[in-house]
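Thanks for coming. I have one structure to go through today, and I will keep to what can be read from the model.

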Amino acid sequence: MRRPLLAGNMKMFKTQREAEELAEGLASSLSGVKDRDICMCPPYASLHVLREVFDGTNIALGAQNLHWEKEGAFTGELSAEMLKDAGCSYIIVGHSERRQYFGETETTVNKKIKAVHRVHLKPIMCVGETLQERESGSTFNIIETQLTRGLADIRLTSPDQLVVAYEPVWAIGTGKTATTDQAQEVHVFIRKKLAGLFKNKAEEIRILYGGSVKPENIKGLMLQADIDGALVGGACLKADQFTAIVKY
Ligand code: PGA
């Protein structure tokens, strides 16, 4: 009942020319895929390039971050309005790299999700624990805090207004994937918390897994009842790998 979503997070990789080449490869290799949603989130500088290549295809465009204000003197920032204007359907919010290197907090995550909703786009809200937090047994506490604070005062009129991505920080870019059981356990917990916030809509909210997703491990992850897709970093940079992941 939940339509799978496979999303690529290109992070700070590729020039416009390189991004175009990747996008062209994906547009042709994924053209027949109809039963799942596909999204690619390039660096800002390549948004217009991918918009043109993906126009009329089954691949949606996404952004990796935003500012919560509509406009203003915020040098270096982009608003939800601008990203919508640039053709985005999804915006990643609260990625662990933003939390770790750029001072993202539960408060800014909350403001950003509200800004994404202001323009009727879909936020992909990232949550996840560090290795130290997992080893000290606080995984569930951390996830609960991230969800309740990040989603404070947020109302949904439809379940597709929110995508959550569970990304254990220790699994991002490290080659260490959470086991399918570890991931499913946290996904079940996230869905339970979402039910507390959004009642029966939680059953229809998509929860993605992220962290070293590869063609070799996607199938096992997608077999889990509460894993509804993936947020893919490194492996989305190669057309053949991302294609294999989307077609798991
Ligand atoms: P990775 O990144 O697939 O390279 O581990 C995932 C992410 O950071 O979204």
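**Notes on the predicted model**

Ser 136 is exposed, at 54% relative accessibility; exposed means over 50% relative accessible area, buried under 20%, and partly exposed in between, with a 1.4 Å probe and protein chains only. This is a predicted model, so local features need pLDDT of at least 70 and side-chain atom pairs count only at pLDDT 80 or more, while totals for chains, interfaces and linings use all residues. Residues are numbered from 1 along each chain as its sequence is written, and side-chain values use heavy atoms, with hydrogens and water left out.

Back to Ser 136. The residue sits in the loop between α6 (131–135) and α7 (139–150); helices (H or I, at least four residues) and strands (E, at least two) are DSSP runs, numbered from the N terminus. Its side chain makes a polar contact with the side chain of Ser 138, at 3.2 Å. By polar contact I mean a pair of N or O atoms within 3.5 Å; within protein, one must be able to donate a hydrogen and the other to accept it, and residues adjacent in sequence count only if both atoms are side-chain atoms. From Ser 136 to Leu 147 it is 11 residues in sequence and 20 Å in space, C-alpha to C-alpha.

Now the ligand. Which of the 13 residues around the ligand come nearest? They are Lys 11, His 95, Glu 167, Gly 173 and Ser 212, where near means that a heavy atom of the residue lies within 4 Å. A polar side-chain atom of Lys 11 is 2.7 Å from a ligand oxygen. Gly 233 places a backbone N or O atom 2.9 Å from an oxygen of the ligand, and for a polar backbone atom of Gly 234 the distance to a ligand oxygen is 2.8 Å. Of the 280 Å² of accessible area that the ligand has on its own, the protein covers 95%; areas come from the Shrake-Rupley method with a 1.4 Å probe, and for residues only the protein chains shown count as cover.

His 95 belongs to the loop between β4 (90–93) and α4 (96–101). With a relative accessible area of 4%, His 95 is buried. A polar atom of its side chain lies 2.9 Å from the backbone nitrogen of Glu 97.

Next, strand β1, residues 5–9. Of its 5 residues, 5 are buried. Leu 5, Ala 7 and Asn 9 are on one side, Leu 6 and Gly 8 on the other, and both faces are covered. β1 runs parallel to β2 (residues 37–41), joined by 5 bridges; two strands pair if DSSP finds at least two bridges between them. Leu 5 stands opposite Asp 37 in β2.

On cysteines, the whole structure has 0 disulfides, a disulfide being a pair of cysteine sulfur atoms within 2.5 Å. Cys 39 has its nearest cysteine sulfur, that of Cys 41, 3.9 Å away. Cys 39 is buried at 0% relative accessibility, and Cys 126 is buried at 2%.

Last, backbone angles. Most residues other than glycine have a negative phi. Lys 14, in the loop between β1 and α1 (16–29), has a positive phi of about 85 degrees. Asp 153, in the loop between α7 and β6 (163–166), has a positive phi of about 60 degrees. Lys 14 is partly exposed at 31%, and Asp 153 is exposed at 63%.
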